[in-house]
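Subject: Structure handover

Hello,

Here is the structure for you to look through. My notes follow below it.

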Amino acid sequence: MQEPLENLTKEQLLALLEIQEKSLQKEAKKLAKVEGDLAKREHRISELEFQLAYYKRLAFGQKRERFEGDKDQMSLPFEMEAEKAEKQEGELKEKLTYERRKRTSAHKGRMALPDHLPVEEIKIYPEGDLTDMVCIGEEVTDELEYEPAKYYIKRYIRYKYAPKNKEGVVIGALPERVIEKGIPGAGLLASILVDKYQDHLPLYRQIQRFKRAEIPIASSTLEGWTRQSLKIIDILYQYLLEDIRSKGYLQSDESTIKVMDPNKKGKTHKGYYWVHHCPIDGTVLFDYQPGRSREAAKHVLADFKGYLQTDGYVAYDKIGKREGVTHLNCWAHARREFDKAKDNDKERAEKALTFIQKLHAIEANARQRELNPKERKALRLEESLPVINEFGKWLFQQMKQQLVLPKSPIGKAFLYTMNRWDQLSTYLYDGILEIDNNLVENAIRPLALGRKNYLFAGSHDAAQRAAGIYSFFATCKKHEVNPYEWLKYTLENIMTINHKDIRDLYPQNYKKLKKG
């Protein structure tokens, strides 16, 4: 039985108070832990709600990243008054009737067909007796027609001659073959590679096309032709790999590719294409590496010196700090962080997007006026620098006044931009530099389309062989060169050209080479 408090000594009371105080402290700690857990859960719920809203916007909303800014547009009501609805329906009906009448009464004319296409003329005369009539003119109607690709056999007939004294035999020399003792010509091989790596038509679908033309080709044969062709292109690719390291300005990015790996039974390995683009001359290089580590990036960038423009991936940071390297970041990536945060804090996100939109508008103006690097730098210092300064002050003020939670989506966008502020502003230094990495991302897009069609590479070696043809096809696109024509010419000449002139086979030199 507990002793009454009045019977306790002073020392006993103090001891009891101390016990109760400790008990209260324990309860306070438990309560603080519960409150902390609740705060974490609320933050997690908020984060998940943001992600849900973001994914809904990706799935059902506007997918483009362009930010239009405020246009003071009124939202449309869900329902309309009956009188207004009837009036609007009448106006629409009247407009539709007018448009139909206009389409039947006048034709603006079709697009002009290209002059380089062959023309098959079909002359049509009126029916009946035309003996007593005079032709007063003609009316021409053009129709664009198509015939499936034509396969044919190129047969070399080499005549043999023997001297009358019957000593030896001479025979005409066989032209250089792409595949020694193989049956495919350069045009066929070029078509197979363009279909697979440019137009993303897997080999098994190409086999179906051969079957429709009643040409029996085994899948192993087609795969062998592809592999041998890529090995030949790899000769030129090795020169490109050496040359890309000496470019003074590279934009770099990476993208995934699934690869069959015998060490991972039933699973594919996630490899990476590291893509490097030189905006100065439009050279593109794909480099396959099994991983995404800093060591993988070094395969091309180990001895690089100059301007290096990347996203915020940490593998580039150490390379960017190396002596002789000036590291730039990409405003498009910063912009995406704020675009993602619109569902979290629309007001601040759109304020930031407005600043970035102004910077891109200045770049668009420079492109439209076709300014040279010196003029572009002057324009940036005059117009872009004040915008960047104002944007930076606003970002710092929002963070200083703790108006943004660091772990919220808008807070992450702020931190992403502020942590890379110097690298984002570096493009002001030189007029040859770009504001973002969009040019290298555009070079990667065909790879993403290819992944959807053929799903994976057969091996790490196959992925590396494909890097060469991806590189040259991307460069063809930059220089508006027909990839089929370039590849056919290259396959026909690569084995006989002087090694000192082999760089003449680069796609960017093709038009000049053909003119010569």
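Helices (H or I, at least four residues) and strands (E, at least two) are DSSP runs, numbered from the N terminus. Contact means heavy atoms within 4.5 Å. Axes are lines fitted to C-alpha atoms, for helices over the stretch in contact, and angles run from 0 to 180 degrees between N-to-C directions.

This is a predicted model: local features need pLDDT of at least 70, side-chain atom pairs count only at pLDDT 80 or more, and totals for chains, interfaces and linings use all residues. Residues are numbered from 1 along each chain as its sequence is written, and side-chain values use heavy atoms, without hydrogens or water.

The sheet comes next. It is open, has 5 strands in the order S5-S4-S3-S6-S7, and its pairing is mixed. (Two strands pair if DSSP finds at least two bridges between them.) S5 (283-289) and S7 (325-328) are the edge strands; each has a single partner, so one side of each lacks a neighbour in the sheet. The twist averages 30° from one strand to the next. S4 (residues 268-278) and S5 run antiparallel, joined by 7 bridges. Tyr272 has Gln289 in S5 as its bridge partner.

Two helices lie across S3, S4 and S5. H5 (residues 219-244) runs at about 105° to S5. H14 (residues 460-478) runs at about 165° to S5.

One more residue: Leu117 sits in the loop between helix H2 (82-105) and strand S1 (160-161). Leu117 is partly exposed, at 33% relative accessible area (buried is under 20%, exposed over 50%, partly exposed in between; 1.4 Å probe, protein chains only).

Best wishes
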